[in-house]
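Student: I would like to learn how to read a structure feature by feature. Could you take me through one?

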Amino acid sequence: MLALATAAKTSPALLLLVAALAGRWRTLLAGLGTLGLLLAASIAWNGAEVHASFLAMLKLRLGYAANVPTGEFNNSLHDWNLAPNGLLSRAAEAGQWPRPWTLLAAWAVTLVVLAALGRRLRPR
């Protein structure tokens, strides 16, 4: 449960995934509806260009962009990032892995975690 709490703190959207895996459909629908309404209100207020720019910047800052300009922050390569993407990004950089191998490894770890979570939350 501590790992689940940590994941939820990292991204509240993961709580929607947990609700789906646990079969809490009303909770999932309420969360998706709220998320949709807030997104629609934000796009109406700020415009789509602001959101597109934010997502492009976010990819750079979190280390999901293929190339990070020199001097830019890359969360994946910091030692304190113990998420699968961070660990595997540093291992790939040190081992000079091809980028597709790194992405495949990160997705493989993610799928294992999701399978374990789904098994644990499955209604008995």
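Student: Where should I begin?

Tutor: With the ground rules: this is a predicted model, in which local features need pLDDT of at least 70, side-chain atom pairs count only at pLDDT 80 or more, and totals for chains, interfaces and linings use all residues. Residues are numbered from 1 along each chain as its sequence is written, and side-chain values use heavy atoms, with hydrogens and water left out.

Student: How many helices and strands does the protein chain have?

Tutor: Helices (H or I, at least four residues) and strands (E, at least two) are DSSP runs, numbered from the N terminus. Here the protein chain has six helices and zero strands, so the order of elements from the N terminus reads α-α-α-α-α-α.

Student: And what share of the residues counts as buried?

Tutor: Buried means under 20% relative accessible area, exposed over 50%, and partly exposed in between (1.4 Å probe, protein chains only). Of the 124 residues in the protein chain, 20% count as buried. As for area, the Shrake-Rupley method with a 1.4 Å probe is used, and for residues only the protein chains shown count as cover. The protein chain exposes about 9,400 Å², with carbon and sulfur atoms supplying 70% of it.

Student: How do helix 2 and helix 6 pack?

Tutor: Axes are lines fitted to C-alpha atoms, for helices over the stretch in contact, and angles run from 0 to 180 degrees between N-to-C directions. Helix 2 (residues 14-21) meets helix 6 at an angle of about 50 degrees, and their axes are 8 Å apart. That makes helix 2 oblique to helix 6; angles under 35 degrees count as roughly parallel, over 145 as roughly antiparallel, 65 to 115 as roughly perpendicular and the rest as oblique. Leu-17, Val-18 and Leu-21 of helix 2 make the contact with Leu-114, Leu-117, Gly-118 and Leu-121 of helix 6, where contact means heavy atoms within 4.5 Å.

Student: Is Ala-19 buried or exposed?

Tutor: Ala-19, placed in helix 2, counts as buried at 7% relative accessibility. Leaving aside neighbours within four places in sequence, Ala-19 is in contact with Arg-24, Thr-27 and Leu-28. Ala-20, also in helix 2, is partly exposed, with a relative accessible area of 23%. The C-alpha atoms of Ala-20 and Leu-121 are 101 residues apart along the chain and separated by 9.3 Å.

Student: Which residues does His-51 touch?

Tutor: His-51 sits in helix 4 (residues 48-62) and counts as buried at 18% relative accessibility. Not counting residues up to four places away in sequence, His-51 touches Leu-39, Ser-42, Ile-43 and Asn-46.

Student: What is the phi of Gln-96?

Tutor: The general idea is that most residues other than glycine have a negative phi. Gln-96 has a positive phi of about 55 degrees, although it is not a glycine. Gln-96 is found in the loop between helix 5 (84-95) and helix 6 (99-121), and counts as exposed at 70% relative accessibility.

Student: Finally, which residues make the nonpolar surface patch?

Tutor: Like charges are joined within 9 Å, and nonpolar side chains (Val, Leu, Ile, Met, Phe, Trp, Tyr) within 5 Å. Leu-29, Leu-32 and Leu-35 make a nonpolar patch of about 300 Å². One of them, Leu-35, lies in helix 3 (residues 25-46) and is partly exposed, with a relative accessible area of 49%.

Technical notes: Patch = residues over 30% accessible without salt bridge, like charges linked within 9 Å, V, L, I, M, F, W, Y side chains within 5 Å. Salt bridge = Lys/Arg side-chain N within 4 Å of Asp/Glu carboxyl O.
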